[in-house]
Amino acid sequence: MTISPAHRPAQRPAHWPARSRGAAIDADTALEQLHATHFVRLVRLAVLLLRDHGLAEDVVQDCFIEVYQRWDRLDRPGFNADAYLRQSVVNRARSALRHRAVVARHALQEVEHAPGADTAVLAGSKRRRVLDALAVLPVRQREVLVLRYFLDLSEREIAETLGIAPGSVKSHASRATAALRARLDPELQEDR
(Lines give C-alpha, C1' and ligand atoms only; values in the text may rest on other atoms or scores of the structure.)
Protein backbone atom coordinates (compact mmCIF):
# COMPACT_ATOMS: atom_id res chain seq x y z
CA MET A 1 0.00 0.00 0.00
CA THR A 2 1.39 3.38 -0.96
CA ILE A 3 0.37 6.48 0.96
CA SER A 4 0.88 9.76 -0.82
CA PRO A 5 3.02 12.38 0.95
CA ALA A 6 -0.10 14.51 1.47
CA HIS A 7 -1.60 11.76 3.65
CA ARG A 8 1.53 11.08 5.72
CA PRO A 9 1.52 12.24 9.34
CA ALA A 10 3.03 15.68 9.77
CA GLN A 11 5.49 14.54 12.45
CA ARG A 12 7.09 11.16 12.75
CA PRO A 13 7.62 10.37 16.43
CA ALA A 14 11.14 9.33 17.40
CA HIS A 15 10.03 5.82 18.42
CA TRP A 16 8.80 4.81 14.94
CA PRO A 17 12.01 3.65 13.22
CA ALA A 18 13.00 1.07 15.83
CA ARG A 19 11.11 -2.21 16.10
CA SER A 20 12.13 -4.30 19.03
CA ARG A 21 10.17 -6.42 21.48
CA GLY A 22 7.57 -4.16 23.11
CA ALA A 23 8.54 -1.12 21.04
CA ALA A 24 6.02 0.73 18.94
CA ILE A 25 5.76 -0.28 15.29
CA ASP A 26 6.18 2.39 12.62
CA ALA A 27 3.12 3.53 10.67
CA ASP A 28 4.37 2.29 7.29
CA THR A 29 5.04 -1.23 8.54
CA ALA A 30 1.86 -1.38 10.59
CA LEU A 31 -0.37 -0.27 7.72
CA GLU A 32 1.30 -2.62 5.26
CA GLN A 33 0.61 -5.53 7.60
CA LEU A 34 -2.96 -4.40 8.36
CA HIS A 35 -3.69 -3.80 4.67
CA ALA A 36 -2.36 -7.20 3.61
CA THR A 37 -4.31 -8.96 6.34
CA HIS A 38 -7.64 -7.10 6.44
CA PHE A 39 -8.25 -5.10 3.24
CA VAL A 40 -10.18 -7.74 1.27
CA ARG A 41 -12.31 -8.73 4.26
CA LEU A 42 -13.14 -5.10 5.08
CA VAL A 43 -14.08 -4.41 1.45
CA ARG A 44 -16.43 -7.39 1.51
CA LEU A 45 -17.99 -6.08 4.73
CA ALA A 46 -18.47 -2.65 3.14
CA VAL A 47 -19.92 -4.19 -0.05
CA LEU A 48 -22.53 -6.05 2.01
CA LEU A 49 -23.46 -2.85 3.84
CA LEU A 50 -23.37 -0.52 0.82
CA ARG A 51 -24.16 -2.80 -2.14
CA ASP A 52 -21.60 -0.84 -4.20
CA HIS A 53 -18.14 -2.32 -4.71
CA GLY A 54 -16.42 0.88 -5.84
CA LEU A 55 -17.77 2.90 -2.93
CA ALA A 56 -16.88 0.06 -0.57
CA GLU A 57 -13.24 0.15 -1.70
CA ASP A 58 -13.17 3.94 -1.28
CA VAL A 59 -14.62 3.70 2.23
CA VAL A 60 -12.08 1.09 3.30
CA GLN A 61 -9.15 2.96 1.76
CA ASP A 62 -10.23 6.15 3.55
CA CYS A 63 -10.24 4.21 6.83
CA PHE A 64 -6.68 3.01 6.23
CA ILE A 65 -5.57 6.57 5.45
CA GLU A 66 -7.20 7.81 8.64
CA VAL A 67 -5.43 5.16 10.73
CA TYR A 68 -2.13 6.01 9.05
CA GLN A 69 -2.53 9.71 9.76
CA ARG A 70 -3.44 9.05 13.41
CA TRP A 71 -0.96 6.24 14.04
CA ASP A 72 1.14 8.27 16.47
CA ARG A 73 -1.95 8.72 18.70
CA LEU A 74 -3.34 5.21 18.21
CA ASP A 75 -0.16 3.15 18.65
CA ARG A 76 -0.42 2.38 22.35
CA PRO A 77 -0.68 -0.73 24.52
CA GLY A 78 -4.04 -2.44 24.19
CA PHE A 79 -4.90 -0.79 20.86
CA ASN A 80 -6.75 -3.23 18.59
CA ALA A 81 -6.17 -1.94 15.07
CA ASP A 82 -8.39 -4.46 13.30
CA ALA A 83 -11.36 -3.68 15.57
CA TYR A 84 -10.72 0.04 15.07
CA LEU A 85 -10.65 -0.41 11.28
CA ARG A 86 -13.80 -2.55 11.33
CA GLN A 87 -15.67 0.07 13.37
CA SER A 88 -14.38 2.82 11.08
CA VAL A 89 -15.65 0.94 8.03
CA VAL A 90 -19.11 0.49 9.58
CA ASN A 91 -19.27 4.17 10.55
CA ARG A 92 -18.12 5.38 7.13
CA ALA A 93 -20.59 3.03 5.45
CA ARG A 94 -23.38 4.56 7.54
CA SER A 95 -22.25 8.02 6.46
CA ALA A 96 -22.17 6.92 2.83
CA LEU A 97 -25.71 5.51 3.15
CA ARG A 98 -26.95 8.76 4.70
CA HIS A 99 -25.29 10.72 1.90
CA ARG A 100 -26.83 8.41 -0.69
CA ALA A 101 -30.30 8.97 0.85
CA VAL A 102 -29.88 12.76 0.76
CA VAL A 103 -28.73 12.67 -2.86
CA ALA A 104 -31.66 10.44 -3.81
CA ARG A 105 -34.12 12.81 -2.13
CA HIS A 106 -32.76 15.80 -3.96
CA ALA A 107 -32.07 14.23 -7.34
CA LEU A 108 -33.79 16.01 -10.22
CA GLN A 109 -33.86 12.91 -12.31
CA GLU A 110 -33.09 9.30 -11.71
CA VAL A 111 -29.73 8.23 -13.06
CA GLU A 112 -29.31 4.70 -14.27
CA HIS A 113 -26.28 3.06 -12.68
CA ALA A 114 -24.07 0.50 -14.35
CA PRO A 115 -23.91 -2.84 -12.58
CA GLY A 116 -21.26 -3.08 -9.86
CA ALA A 117 -18.05 -5.06 -10.10
CA ASP A 118 -19.55 -7.74 -7.87
CA THR A 119 -22.52 -8.42 -10.20
CA ALA A 120 -21.05 -11.63 -11.68
CA VAL A 121 -20.34 -13.03 -8.22
CA LEU A 122 -23.83 -12.23 -6.96
CA ALA A 123 -25.59 -13.66 -10.01
CA GLY A 124 -26.99 -16.78 -8.32
CA SER A 125 -30.75 -16.43 -7.95
CA LYS A 126 -30.98 -17.66 -4.33
CA ARG A 127 -28.05 -15.54 -3.28
CA ARG A 128 -29.57 -12.55 -5.06
CA ARG A 129 -32.85 -13.06 -3.19
CA VAL A 130 -31.07 -13.21 0.14
CA LEU A 131 -29.09 -10.05 -0.63
CA ASP A 132 -32.24 -8.27 -1.81
CA ALA A 133 -34.07 -9.31 1.36
CA LEU A 134 -31.09 -8.17 3.43
CA ALA A 135 -31.15 -4.78 1.66
CA VAL A 136 -34.71 -4.01 2.80
CA LEU A 137 -33.97 -4.64 6.46
CA PRO A 138 -33.51 -1.61 8.72
CA VAL A 139 -29.87 -0.48 8.74
CA ARG A 140 -29.07 -1.62 12.29
CA GLN A 141 -30.55 -5.09 11.69
CA ARG A 142 -28.60 -5.43 8.44
CA GLU A 143 -25.38 -4.36 10.19
CA VAL A 144 -25.88 -6.92 12.97
CA LEU A 145 -26.51 -9.78 10.52
CA VAL A 146 -23.56 -8.87 8.31
CA LEU A 147 -21.20 -8.61 11.27
CA ARG A 148 -22.53 -11.86 12.74
CA TYR A 149 -22.75 -14.09 9.69
CA PHE A 150 -20.17 -12.58 7.37
CA LEU A 151 -17.43 -11.63 9.82
CA ASP A 152 -18.50 -14.28 12.35
CA LEU A 153 -18.21 -11.83 15.24
CA SER A 154 -19.53 -12.59 18.70
CA GLU A 155 -22.39 -10.59 20.21
CA ARG A 156 -19.88 -8.72 22.37
CA GLU A 157 -17.72 -7.80 19.35
CA ILE A 158 -20.78 -6.68 17.39
CA ALA A 159 -21.94 -4.57 20.33
CA GLU A 160 -18.50 -2.92 20.54
CA THR A 161 -18.34 -2.32 16.80
CA LEU A 162 -21.79 -0.74 16.63
CA GLY A 163 -21.66 0.98 20.01
CA ILE A 164 -24.78 -0.75 21.35
CA ALA A 165 -25.59 -3.10 24.23
CA PRO A 166 -25.21 -6.88 23.71
CA GLY A 167 -28.94 -7.26 24.44
CA SER A 168 -29.68 -4.92 21.55
CA VAL A 169 -27.54 -7.11 19.30
CA LYS A 170 -29.67 -10.13 20.23
CA SER A 171 -32.87 -8.18 19.66
CA HIS A 172 -31.80 -6.84 16.26
CA ALA A 173 -30.55 -10.27 15.17
CA SER A 174 -33.79 -11.94 16.21
CA ARG A 175 -35.98 -9.41 14.42
CA ALA A 176 -33.81 -9.49 11.32
CA THR A 177 -33.76 -13.28 11.01
CA ALA A 178 -37.53 -13.41 11.52
CA ALA A 179 -38.02 -10.79 8.79
CA LEU A 180 -35.70 -12.63 6.41
CA ARG A 181 -37.38 -15.95 7.13
CA ALA A 182 -40.83 -14.47 6.47
CA ARG A 183 -39.67 -12.89 3.23
CA LEU A 184 -37.58 -15.79 1.91
CA ASP A 185 -39.49 -18.92 2.96
CA PRO A 186 -42.32 -18.44 0.43
CA GLU A 187 -39.83 -17.61 -2.36
CA LEU A 188 -37.61 -20.59 -1.58
CA GLN A 189 -40.63 -22.95 -1.45
CA GLU A 190 -41.43 -21.93 -5.05
CA ASP A 191 -37.96 -23.08 -6.19
CA ARG A 192 -38.42 -26.65 -4.93
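Is D152 buried or exposed?

What we have here is a predicted model, where local features need pLDDT of at least 70 and side-chain atom pairs count only at pLDDT 80 or more, while totals for chains, interfaces and linings use all residues. Residues are numbered from 1 along each chain as its sequence is written, and side-chain values use heavy atoms, with hydrogens and water left out.

Okay, the overall picture. The protein chain has eight helices and zero strands; helices here are DSSP runs of H or I with at least four residues, strands are E runs of at least two, and numbering starts at the N terminus. Of the 192 residues, 35% are buried. Buried means under 20% relative accessible area, exposed means over 50%, and partly exposed is in between, with a 1.4 Å probe and protein chains only. Contact means heavy atoms within 4.5 Å, and among contacts between residues at least 6 apart in sequence, 68% join residues at least 24 apart.

Now to one helix pair. Helix α1, residues 27–50, packs on helix α4, residues 81–106, at about 30 degrees, with the axes 10 Å apart. The axes are lines fitted to C-alpha atoms over the stretch in contact, and angles run from 0 to 180 degrees between N-to-C directions. So α1 and α4 count as roughly parallel, the label for angles under 35 degrees.

Who touches whom? On the α1 side we've got L34, H38 and L42, among others, and they meet a set in α4 that includes L85, V89 and A93. The contact residues split into 13 nonpolar, one polar and three charged. For that count, Ala, Val, Leu, Ile, Met, Phe, Trp, Tyr, Cys and Pro are nonpolar, Asp, Glu, Lys and Arg are charged, and the others, Gly among them, are polar.

Staying with α4: its buried residues include A81, L85, S88, V89 and L97. The cover over them includes α1, α2 (53–69), α6 (139–150) and α7 (155–162).

Last stop, two loops. R51 sits between α1 and α2, and it has a positive phi of about 60 degrees although it isn't a glycine. R51 is partly exposed, at 33% relative accessible area. Then there's D152, in the loop between α6 and α7, also not a glycine, with a positive phi of about 55 degrees. And back to my opening question: D152 counts as exposed, at 57% relative accessibility.

Definitions and conventions:
Parallel < 35°, antiparallel > 145°, perpendicular 65-115°, else oblique.
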